[in-house]
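Q: I have a structure open and have not looked at it before. Can you walk me through some of it?

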Amino acid sequence: MADAALIETDVVQRVLGAALARGGEFAEVFAEDRRGTAAVLDDGRVEELSTGRDRGAGVRVVVGETTGYAHTADLSEAGLLAAADAAAAVARAGGASRVVPLEPVSAPRPNEVALAPETVSKDRKIELLRRADDAARAAGGAVSQVSASYGDARRRVLVANSEGVLAADDQVRTRFAVTCVAVGDAGMQTGFESTALTLGFELFDTVDVGELAAVAARRALSKLTARPAPSGEVPVVLASGSGGILFHEACGHGLEADHIVKDSSVYVGQVGNLVASPLVTLVDDGTVGPQWGSFAVDDEGRPAQRNVLVEDGVLTDYMWDYVRARKEGRVSSGNGRRQSYRHLPMVRMTNTFLINGTDDPDEILAQTPSGVYVAKLGGGQVNTTTGDFVFGTNEAYLIEDGRITEPLRDANLIGNGPEVLRRIDAVADDFAMTPGTCGKDGQSVPVGCGQPTLRITGVTVGGTTGA
Amino acid sequence: MYVSRGVETDVRAYDGEVESLSSAASAGVGIRVVDGGRQGFAYAGSLDQAVMTETLAEARDNARFATPDEHVRLAVPDGHVPCDLDVWDEELAATPVEEKVRMALDLERRVRAADPRIRQVSSADYGDMASEAAIASSTGIAASTRRTLCSMSAAAIAGEGADSHTGVGFSAVRGPGDLDPDRVVVDAVQRATRLLGATKARSGRWTVVFDPRVTSTLLAIVASALSGEAVTKGRSLFAGRLGEKIAVPSVTIVDDPTDTRALSAASHDAEGLACRRNVLVEEGVLRGFVFDTTSASRAGTTSTASAVRGGYASTPVAGCRALVLSPGPLDAPAILADVGDALYVQSVTGVHSGVNPISGDFSVGAEGVMVRDGLFAEPVREVTIASTMQRMLLSVLHVGADLEWLPGVAAGQTLAIEGMTLSGS
C-alpha cells in the first residue's frame, strides 16, 4: 500500500527537537490514522452501517520520573509543535532544541493482508450478516433473537523518538460476532461466538459465518435445559481454546512490569521461583500472525517479540514497556501499547498462551470422575494485588464418571492465580487460540489468548446448587 | 448531526513525584442520515469543514445498505421544556495546572502517611474535563449541553506478601472546590486495611449487604434491562412484565437526569429532547421503560427522552442516565444491626462475565467483611455470590437511607438482599 507517511520525517525531527527544548530527557511522537467500518444486523434487519475516521498524534516527554503528554487531532506542523510544547511543560530546566537523527526500524509484519477492507464493497460485508442470521434461525424455533456484527479497521501508526527510532506499522483487523437469544419454559438464555484476526476480508475464505452463527445458536439452545451451576470447589477441565483468558487473568496481568515496579503484584520478586505446575510454559508473543494481538511494532516503535514468561513452572521474566524498562536499565520487551493517540502507552499483553503438553484430551476427561467441563469461557477480571481472579462461562457441562453430561447455566469461577497455576495436573496437545479485548486503566486493546485442553484439580465454581 | 468537543487534564502522582501529566483537547462529529426508514452513520475525529462534508457523504452512502424500518426516524421536538441545569463550574477553567499537580501530590502523600499498614500507593490521580455537545436535525431539533467533571482517586495497598489488599477511594464532583480529599484518603485506607487477614469463607446461603458503590453497579445492570431497546427486541428479563410485581414494595426506581445532584444530569438527551423524570419501578411494580425515538415507535409509545450515546463515534440508543433507588429509612449501621449475620460486600469482580441482563443469571466474585451480631467481624476474599436478578429483586430486605451520587448511570446506597449463595471453601 503506497500511502504517504503520516508525518514527513523532517517535521517529526523538528517536533522532537521542540519537545526536548525545555530539558526533556526523552521525547516521542506517536501518530495514528484509523479508519473503520462496523455493520450490525439485529432483529432480522440490517440496522446500521457506520464508517469512521480518527487521526491525530500524541507527544510524550520524559524527565526524571515524570512524563508529560499532550495530543492533538491536528497533524500540521503547527498543531504538532503546540502539542510538543504542552507535553514539554513538565520539564522546567533550560535546554536547547536539537536535531534528532532518525533510523528507520525494520520489523516484519506478522502476516500479509490479501484483501484490504477498504477495497471490499459494503454489499459483501452486509451479505455476511444475512448469512449468519439465516443460519442462526435455522438452528431451531426457540432462537428468538439474533444479532450479528461485522467490523474492520485499518490502523496506520508512526512512532519516532529521541533515541533515533523511526517506526511505522499498518495494522488491519477484521472481526465477526453473533449473539443469539433462545426462549424456553424456564426463561431466556444467550449464546455467543466470534472470530477476529489481523487479516483483511480474506478472513471469510476460511471462516464460515454460517457455522459460527450455528455455534452461537447451539450454545443458547443447550442452556435452555441447563441446570444451575454447582457452588463450591470442584475439578475443572477447560476445553482447548475455550479461552486462555485463564492465564491472561491468573498471571498475565500480574507479570506486567508496571504492577511489578509498584509492588502491586503477587509475582514481585518471584523470577526464578516455581510459580506454577511444571506442566506450565507460558508465552506472550506479538509476532504470531494472524492472531488478534499481533503487530509489527508496538505503540512505542519496538518490534513485537516472543517472550517466555513461565518455563516449566518457573517464572522467567516480566513484560516491559519503554518507561519501566528504562528504569531498570534494560530494553522493552515489545509490550508498550495504547488504545489510541489520545492515550499514554503502558505495559500490555499481546497474544498470551500456554503451550502444548503431551496428554490426550479425551483421556483427561475420562480420568476426571466428577467436575465441570468448560467448553467456552466468558470474560474475566483480576485483582493483581491479591492474585484473586474470576472468569465466566459461556458454555459449560457437568462431568460425571469421566463423561460430559448435563449443560450448566452461566456462572463465574474464582481462584487465586498462583494457587490455580499450581493445581494444573494435566495439559493436552490440542492447542487453540481465541481473540479477546483486554481492558486496563480505561484503555482497551485487542489481545489473543490460547491454551490446550487442561485440568485444574480444584477451582471454586460460583453457582447456586450444592457441589 | 452531533458535534462535541472537550478539554481534559489528568495528573498521576507516585512516590512524591508527578508520574504523568496529560493535557488534551479533542473534538469530533457524528452524522446520522435517515432516508425512507434506512439509517446510515459516519463519524470523524475532527471539526474541519472538508472532513465534515466527507463524513456527511459517507453517512448518506451508508444509509443505502440498511433494511428499511418504519420505526427508524429522527426525533421531532415534543414540546417538553428543558430544565434549567447548572452543571458547569467556571472555577475549573480558572484553576492553574500547578494547583492540579499540587492536589495529586498532596493526596498521594496523605494516603501514604495515613496508616503504617499502607505500604504502597499504586496511584493517586487528579482528573478533570469540560465538554460541550450540540445536536441539530432536519426535523427541527437544536440543542446544546455542556458540563464539567472533576475527580480525585487513590489506590492504597496495605499489608505484605500474599496478604496484600488494595483499597480505592474517590471523589467525583463538578469542580475543584467540591472535591473531598479527606474522604478519598479515609476510603482508600479503610478499604485496604479492613481486608488484612482475609480468608475464603465457608460456602452457604447468606444475607448479603452491598456497599453503595456495589449497589450502583447492580443498578447499572438493572438499567440495561430497563432499556426500551433491549425490551422491544426481547432481550431483557423485564420484557412483557409491565404492571407485574418484580420486586418487594420497598423498591422504587426512578431515572431522573434533571436532578442536578446526579453527575450525569443533562438538560437534553442524545437526540436533543428535553430530559425528564421517568418512574420505572414503583413500590415493586414495573411501571415503565426508557425509550429513545426508535425504540418508542417500536413499542407504540413516545420517547421518554432517554437517548444516550458514547460520544460522536456512536449512534444514540435508549438507556438510563441517572437511576436512583428511592432511599429507605435505615442507615448502614442500622441495617447491619437488623440483619445480624451477613456478608458485607465491599467490591465485586466479573460483573461483565457473570451477570446476564437477559437470563438474569447472577454470579460475581466478591470481597468484604463478615457481619456478626450486627458488627463487622473477619474479612473475606476469593468467594463468589450467586442468585438470579429476578430472585434478588424479590429478596431485598433493606434499601439504605445513605444515598450517594456516584459516577456512572446509577446512584447507590447500602442494600441488603437475603438468600444468596456464597461459594467459598
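This is a predicted model: local features need pLDDT of at least 70, side-chain atom pairs count only at pLDDT 80 or more; totals for chains, interfaces and linings use all residues.

Q: Start with H3 in chain A. How far apart are the end C-alpha atoms of helix H3 of chain A, and what should its residues span?
A: Helix H3 of chain A covers residues 122–138, which is 17 residues. At 1.5 Å a residue the helix should span 24 Å, and its end C-alpha atoms are 25 Å apart, so the two agree.

Q: Which residues of H3(A) are buried?
A: They are Lys125(A), Leu128(A), Leu129(A), Ala132(A), Asp133(A), Ala135(A) and Ala136(A).

Q: And what covers the buried residues of H3(A)?
A: The cover includes four strands of chain A, namely S1 (26–42), S2 (45–63), S5 (143–161) and S6 (165–184). It also includes helix H4 (203–206) and helix H5 (209–224) of chain A.

Q: Where is Ala148(A)?
A: Ala148(A) sits in strand S5 of chain A.

Q: Is Ala148(A) buried or exposed?
A: Ala148(A) counts as buried because 26 other C-beta atoms lie within 10 Å, and the cut-off for buried is 20 or more.

Q: Which residues does Ala148(A) touch, not counting those up to four places away in sequence?
A: Ala148(A) touches Leu41(A), Leu129(A), Ala132(A), Asp133(A), Val178(A) and Ala213(A). Among these, Leu129(A), Ala132(A) and Asp133(A) are buried residues of H3(A). The C-alpha atoms of Ala148(A) and Gly44(A) are 9.5 Å apart, although 104 residues separate them along the chain.

Q: In the largest nonpolar core, which residues touch the most other members?
A: Ala19(A), Ala136(A), Ala213(A), Ala156(B) and Val209(B) do, in a core of 277 residues.

Q: Pick Val209(B). What is Val209(B) in contact with, leaving aside neighbours within four places in sequence?
A: Its contacts are Ile335(B), Leu336(B), Val339(B), Ala342(B), Tyr344(B), Val345(B), Val371(B), Thr414(B) and Ala416(B).

Q: On to domains. What does the domain assignment of chain B give?
A: The assignment gives domain 1 (2–193) and domain 2 (198–425). Their C-alpha centres lie 22 Å apart. The contact between them takes 31 residues from domain 1 of chain B and 27 residues from domain 2 of chain B.

Q: Which element gives the most on the domain 1 side?
A: S2(B) does, with 4 residues. By class, the residues on that side are 18 nonpolar, 8 polar and 5 charged.

Q: What is the strand order in the open sheet of 4 strands in chain B?
A: The order is S10-S9-S8-S13, with antiparallel pairing. The edge strands are S10 (285–286) and S13 (323–325) of chain B, each of which pairs on one side only. S8(B), residues 253–255, and S13(B) pair over 3 bridges, and Ile253(B) stands opposite Leu325(B) in S13(B).

Q: Now the chains. How many residues of chain B are in contact with chain A?
A: 60 residues of chain B are in contact with 64 residues of chain A. S2(B) gives the largest share of the chain B side, 10 residues. That side has 17 nonpolar, 34 polar and 9 charged residues.

Q: In what sense do S2(A) and S3(B) pair, parallel or antiparallel?
A: S2(A) and S3(B) pair in the parallel sense over 5 bridges. The bridge partner of Ser50(A) in S3(B) is Phe41(B).

Definitions and conventions
Residues are numbered from 1 along each chain as its sequence is written. Chains are lettered from A and ligands numbered from 1 in the order in which they are written. Helices (H or I, at least four residues) and strands (E, at least two) are DSSP runs, numbered from the N terminus. The expected span of a helix is 1.5 Å times one less than its number of residues. A residue is buried if 20 or more other C-beta atoms lie within 10 Å of its own, exposed if 12 or fewer, and partly exposed in between; C-beta atoms are placed from the backbone. Two residues are in contact if their C-beta atoms, placed from the backbone, lie within 7 Å. Domain bounds come from an automatic or database domain assignment. Ala, Val, Leu, Ile, Met, Phe, Trp, Tyr, Cys and Pro count as nonpolar, Asp, Glu, Lys and Arg as charged, and the others, Gly among them, as polar. A nonpolar core is a set of buried Ala, Val, Leu, Ile, Met, Phe, Trp, Tyr and Cys residues joined through C-beta atoms within 7 Å. Two strands pair if DSSP finds at least two bridges between them.
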